[in-house]
Amino acid sequence: MLLPDLLKLSTRMFKTRRMRTMLTILGLSVGIGAILFLVSLGYGLQKILIEKITNDEALLSLDVFPSKSEILKLDKTSIEKIKALPGVEAVTPVVTFSAQLNYGNLNGDATLNAVDSSYFRLSAMETAIGDFFTKDDKKSIVISKAVSRLFNIADDEVIGKELKLNIIIPREEDTGLIDLKDKGQYKIKGVIPEEGYSIVYIPLSEVSEFNVKEYQQLKVKAQDSSQIERLRGDIES
């Protein structure tokens, strides 16, 4: 059938069965529009995810722990050596203590991590309530939800409340004795969603008086993702 005949047939069908033709055109338009929308949505989500992954500092970070054999200790010398490795952008140490918390007439035990403010970003941590402390914050504390539950503090009242903090310091002599260091009142800045363990975070500068010799963990940030595997090998060796 020639093209002029096809055009005549099409126009004749449009005139005789106008409603069916309109519904057909409408159905095709909706189908094409839906396909274009889903394709655009897919590309948009892909772009967002790729940008998030590319910019997520946590994916550029390595966790370094001390060797079980005690051959490698995470001390200031180790930190300086790791900082000197090619491809390292930053090194953030973590020092851990046992602590006692007091709120009103209630007392409780917790694990205390003293960290730089960059630790939260490199760990991809998020708060359930409030914010993390910054490098300029003093006497600020971030707690887990388990701590607020322990002291029965409501979520809408927890920010700004003060906890009295005592840090447990083992004596250097192998006597099993400890010292209890009263650090005073700390204002709650944020709450992380952890409900299984009583954990608190304070600025690393708050424990500088204890002359910390070893750290329990390091966060090592690479300059870019291509450096990760090489850095891991360099640190392990």
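## Aromatic pairs

The count of aromatic pairs comes to 7 in this predicted model. One of them joins Tyr 103 and Phe 151: their ring centres are 6.0 Å apart and their planes meet at 50°, so the pair is tilted. Tyr 103 belongs to strand β2, while Phe 151 sits in the loop between α5 (145–150) and β6, so this pair ties together parts that are 48 residues apart in sequence.

Are these two partners buried or exposed? Tyr 103 has a relative accessible area of 23%, so it is partly exposed. Phe 151, at 3%, falls under the 20% limit and counts as buried.

## A cluster of rings

Another pair is made by Tyr 119 and Phe 120, and this one is edge-to-face, with 6.0 Å from centre to centre and 75° between the planes. Tyr 119 is buried at 8% relative accessible area, and Phe 120 is buried too, at 2%.

These two residues also take part in a cluster, in which ring pairs link Tyr 119, Phe 120, Phe 132, Phe 133 and Tyr 201.

## The largest pocket

Now for the pockets: the largest has a volume of about 440 Å³. It is lined by 16 residues, and those closest to its centre are Ile 169, Pro 170, Phe 210, Asn 211 and Val 212. Two or more lining residues come from each of β2 (88–103), β6 (162–170) and β7 (178–192), with β2 giving the most, 3 residues.

What classes of residue make up this lining? There are 7 charged, 6 nonpolar and 3 polar residues.

Conventions. Residues numbered from 1 in each chain as written. Predicted model: local features only at pLDDT ≥ 70, side-chain atom pairs only at ≥ 80, totals over all residues. Heavy atoms only, no water. 1 Å grid on protein atoms, 1.4 Å probe; cavity = no way out; pocket = protein on both sides within 12 Å on 5 of 7 lines; lining within 4 Å. Points joined across faces, edges and corners; volume = space filled by probe spheres on them. Helix = DSSP H or I, 4+ residues; strand = E, 2+ residues; numbered from the N terminus. Nonpolar A, V, L, I, M, F, W, Y, C, P; charged D, E, K, R; others polar. Phe/Tyr/Trp six-rings, centres within 6.5 Å; stacked < 30°, edge-to-face > 60°. Buried < 20%, exposed > 50% of the residue type's maximum accessible area, 1.4 Å probe, protein only.
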